[in-house]
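Dear colleague,

Please find the structure below, handed over for your files.

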Amino acid sequence: MIECHDIYSNYNTSLSRPILNGITLKINQGECVALLGLNGAGKSSLLKAMVGLLPLQKGEIYINNLVMTQKTLNRVRRQIGMIWQGGGLIPQLSALDNVLCGKLGTVSSWSSLWGFSANDRITAQSLLRQLGLEQHEKQKVSKLSGGQQQRVAIARALMESPKILFADEPTSGLDLVATQQMMNIITDLRKQGMTIVLVLHDLAMASEYTDRSIILDKGRVIYDGKSENIQHQFAHLC
Ligand SMILES: Nc1ncnc2c1ncn2[C@@H]1O[C@H](COP(=O)(O)OP(=O)(O)OP(=O)(O)O)[C@@H](O)[C@H]1O
Ligand SMILES: [Mg+2]
C-alpha cells in the first residue's frame with residue numbers, strides 16, 4: 001500500500017510554489033493506477049518523492065505501512081521497482097550489467113567493489129530471458145532498439161522482486177508493436193498482484209489498462225477516480 005499524507009515539496013522559486021503542493025492519496029496493494037497530467041504537472045516529481053528522491057517540506061509517505069525517513073529509506077526502496085522517464089539506463093554498459101545495477105541500492109558500496117554475486121547474475125539473466133532478451137544480454141544498451149531498452153529497464157526494476165512498480169512514461173518513443181509488448185508485460189505483472197503506478201499521456205491507454213486514474217495539475221490532485229471516461233475529466237484542463 002502507498003499513502004501520501006498532504007505532502008509538500010520544498011518551495012520552488014521559479015514556480016512560486018512547491019512542485020508538489022499538498023498531495024494526499026492512497027493506493028492499495030494490487031491496484032494499477034494511471035498518473036496523468038500536462039507537462040510540468042508534477043507526475044515525475046511525485047514518483048521521485050515516493051522513492052525518497054525529492055525532499056519534503058511537509059507531510060508523510062508510507063510504503064506498506066513503513067513511514068519514509070532517512071532511516072527507513074533503504075527498506076522502502078527495496079520494495080519499489082522504478083522505470084525512469086527516458087529509461088535511465090547506462091548506454092555504455094551491457095544489458096546484463098544494466099539489469100545488475102538494479103541491485104546497487106541494496107549491496108554496500110564496499111561489496112559492490114567485488115562485483116555481483118553469481119546468484120544476482122542468474123536472476124538478471126533469467127529476467128532478460130523472460131523478457132525475450134537472452135540474445136542481447138552482452139550487447140551495449142546504446143546498440144539496442146527503444147523497445148528493447150525499455151525491456152532492459154523493466155528487468156532492472158524487477159531485480160529486487162519489488163511489490164510495487166513505478167513506470168514513468170514507459171511507452172514513450174516506442175512503436176505500436178513495442179508499446180503493445182510493454183503493456184502486455186505490465187498486464188502480466190499486474191496479474192501477479194503487483195501494485196503499479198504508470199505515468200501516461202495516452203488517455204485511451206489509461207482507460208484500457210488501468211481501473212483508476214489520478215490527474216495532477218500544478219502539483220495537486222484534481223481528479224482521483226475511475227479511468228473510464230477519463231477524456232471527459234481531462235478536458236477540464238485544456
Ligand atoms: N530538479 C528540479 N529543479 C527545479 N525545478 C524542477 C526540478 N524538477 C522538476 N522541476 C519543475 O517541477 C515541475 C514538475 O516537473 P515534473 O518533471 O514532475 O513534471 P511532469 O508532470 O513529470 O512533466 P512531463 O510530462 O513533462 O514529464 C516543472 O515545472 C519542472 O520545471
Ligand atoms: Mg515527467
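**Lys 143 and its surroundings**

Lys 143 counts as exposed because it has 12 C-beta neighbours inside 10 Å (a residue is exposed if 12 or fewer other C-beta atoms, placed from the backbone, lie within 10 Å of its own, buried if there are 20 or more, and partly exposed in between). The model is predicted, so local features need pLDDT of at least 70 and side-chain atom pairs count only at pLDDT 80 or more, while totals for chains, interfaces and linings use all residues. Residues are numbered from 1 along each chain as its sequence is written, and chains are lettered from A and ligands numbered from 1 in the order in which they are written.

Lys 143 lies in the loop between α5 (118-130) and α6 (146-157); helices (H or I, at least four residues) and strands (E, at least two) are DSSP runs, numbered from the N terminus. Its C-alpha is 9.0 Å from that of Gln 92, although 51 residues separate Lys 143 and Gln 92 in sequence.

**Ligand 1**

The residues around ligand 1 (C-beta atom, placed from the backbone, within 6 Å) include Asn 12, Gly 37, Lys 43 and Gln 85. Helix α1 (residues 43-50) supplies the largest share of this shell, 3 residues.

**Strand pairing**

Strand β1 (residues 2-9) runs antiparallel to strand β4 (residues 21-27), with 5 bridges between them; strands pair if DSSP finds at least two bridges between them. Within this pairing, Glu 3 has Lys 26 of β4 as its bridge partner. β1 also pairs with strand β6 (residues 56-63), in the antiparallel sense over 6 bridges, and there Tyr 8 is partnered by Lys 58 of β6.

With kind regards
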